[in-house]
Amino acid sequence: MDIVPAARPAPRYWIHLLLLLLTVVTTFTSYLLYFHFQRPYSPDEVSREAAMRALSFSLSLLAILGTHEMGHYVLARIHRVDTSLPYFIPLPVLGVGTLGAVIRIRDRIPHRNALVDIGAAGPLAGLVVALPILYWGLAHSTVVDAPHVPSQFPGEMSLWAYGKDLFTWVMAKLTHAPAAPEETFHGVQTLFGDSLLMRGLTWLALGPLPEGKDVLVHPVVIAGWFGLLVTLLNLMPMGQLDGGHLAFALLGRHAHWVGRAMAALLLFLTLFVTASWGLWLLVTSKVVGFGHPDVVAPLEPLSPTRKLICALCLLALIGCAMPVPLRQVVS
């Protein structure tokens with residue numbers, strides 16, 4: 001008796017469209033809440049200019065994230081791997097208004113060459129959109145006066161610094177030491193980390209910045225910056241992240257050692273640079289993990305072109321790297 005394979009459910013395009021529209025709303029709102037200087041708290045306070053800036057941020061961010069996932073989708077379909085269209089994930093009020101987008105791959109990957117194609121297509125496609133958006137946004141940004149904010153090691157937002165502050169507080173309580181005088185508080189400034197790509201694009205668009213100067217960025221630059229951050233996170237060679245796919249295609253079963261080395265680096269950054277890396281360390285080590293399913297034909301050799309693509313993705317990872325993605329400075 002012949003066995004008839006179960007039919008795949010028909011795609012429900014309305015779900016993808018609904019999630020996309022909801023994510024436009026949440027990213028639009030998040031820009032107004034967190035990145036618009038006038039901080040409107042009701043719809044009546046939102047000017048037309050503020051709305052246009054928020055919309056440019058939202059559409060630029062979703063263009064980058066959507067292109068990233070469509071890169072995976074298109075290459076998966078080329079290799080006849082059953083894949084869903086991207087699902088955008090709206091995140092009301094918090095962060096930038098979205099947790100990104102995902103696709104669902106329902107088949108096993110046929111061979112290592114396909115694994116490289118599918119894994120690399122997302123971050124590279126996202127960069128193809130993010131880089132011109134960043135350049136255009138930087139060219140339309142304003143250079144302003146800005147005080148120099150020194151860096152230190154261990155970082156002031158590292159677990160080491162938090163532990164030191166906690167120890168000082170406990171000892172003060174135990175010894176009944178007089179409280180330290182409170183510092184005058186004016187506000188909190190959020191500084192975006194600089195990657196090699198951001199530094200290069202800033203130099204191309206605005207030239208070298210003099211000492212004491214910084215850039216008051218156009219909204220699409222913030223969207224492009226988050227696009228670089230997403231690329232950085234996805235290209236880390238761990239588990240089934242995009243970088244994990246590439247590491248497995250190159251190293252096979254030994255790829256998990258690269259993932260564990262990456263986790264050790266994240267732990268170092270969490271302890272001594274900024275504790276914000278601790279969340280991604282937990283996600284990658286406990287949720288994503290270090291394992292990777294095998295491909296259908298593991299003995300098929302990896303082509304030289306795919307090895308070059310892996311090298312290009314490594315350069316992209318280095319170009320997007322930033323030890324401190326976000327830094328809050330109390331003034």
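**Panel A. Proline 301 lies in the loop between helix 9 and helix 10 (304-320).** Helices (H or I, at least four residues) and strands (E, at least two) are DSSP runs, numbered from the N terminus. The model is predicted, so local features need pLDDT of at least 70 and side-chain atom pairs 80 or more, while totals for chains, interfaces and linings use all residues. Residues are numbered from 1 along each chain as its sequence is written, and side-chain values use heavy atoms, without hydrogens or water. Is proline 301 buried or exposed? Proline 301 is exposed, at 58% relative accessibility. The cut-offs, with a 1.4 Å probe and protein chains only, are under 20% for buried, over 50% for exposed, and partly exposed in between. Leaving aside residues up to four places away in sequence, proline 301 touches Arg112 and Asn113. A contact means heavy atoms within 4.5 Å. Alanine 249 is 52 residues from proline 301 along the chain, yet their C-alpha atoms are separated by 9.5 Å.

**Panel B. The whole protein chain holds ten helices and six strands.** Its C-alpha atoms fill a box of roughly 85 × 50 × 40 Å along the principal axes. The protein chain has 331 residues, and 42% of them are buried. How do contacts span the sequence when the residues are at least 6 apart? Of these contacts, 80% join residues at least 24 apart.

**Panel C. Leucine 246 belongs to helix 7 (residues 242-251).** Leucine 246 has 6% relative accessibility, so this residue counts as buried. Which residues does leucine 246 touch, not counting those up to four places away in sequence? They are Val116, Gly119, Ala120, Leu235, Cys310 and Cys313. Valine 143 is 103 residues from leucine 246 in sequence. In space, the two C-alpha atoms are 39 Å apart.

**Panel D. Tyrosine 31 and phenylalanine 35 form an aromatic pair.** There are twelve aromatic pairs in the structure. Rings of Phe, Tyr and Trp (its six-membered ring) pair if their centres lie within 6.5 Å; planes under 30 degrees apart count as stacked, over 60 as edge-to-face, and the rest as tilted. For tyrosine 31 and phenylalanine 35, the centres are 6.1 Å apart and the planes make 40 degrees, a tilted pair. Tyrosine 31 is buried, with 2% relative accessible area. Phenylalanine 35 is buried as well, at 17%. Ring pairs also build a cluster here: Tyr31, Phe35, Phe57, Phe192, Trp225 and Phe226 are linked.

**Panel E. Phenylalanine 153 and phenylalanine 272 make a tilted ring pair.** Their centres lie 6.2 Å apart, and their planes meet at 35 degrees. Why does this pair tie together parts that are 119 residues apart in sequence? Because phenylalanine 153 lies in the loop between strand 3 (142-145) and helix 4 (159-175), while phenylalanine 272 lies in helix 8 (residues 255-272). Phenylalanine 153 is exposed, at 57% relative accessible area. Phenylalanine 272 is partly exposed, at 22%.

**Panel F. Arginine 80 and valine 93 have positive phi angles.** Neither residue is a glycine. For arginine 80, phi is near 60 degrees. This residue is found in the loop between helix 2 (48-78) and strand 1 (87-90). Arginine 80 is exposed, with a relative accessible area of 76%. For valine 93, phi is about 70 degrees. Where is valine 93? Valine 93 is in the loop between strand 1 and strand 2 (98-102). Its relative accessible area is 47%, so valine 93 counts as partly exposed.

**Panel G. Lysine 286 sits in helix 9 (residues 277-288).** Lysine 286 is exposed, with 68% relative accessible area. Proline 150 is 136 residues from lysine 286 in sequence. The C-alpha atoms of these two residues lie 34 Å apart in space.

**Panel H. An unreviewed UniProt entry marks spans as "transmembrane region".** UniProt positions follow the numbering used here, feature names are shortened, and annotations may be inferred rather than shown by experiment. How far apart are the end C-alpha atoms of residues 13-34? They lie 32 Å apart, and the span is 100% helix and 0% strand. For residues 216-236, the end C-alpha atoms lie 30 Å apart. That span is 81% helix and 5% strand.
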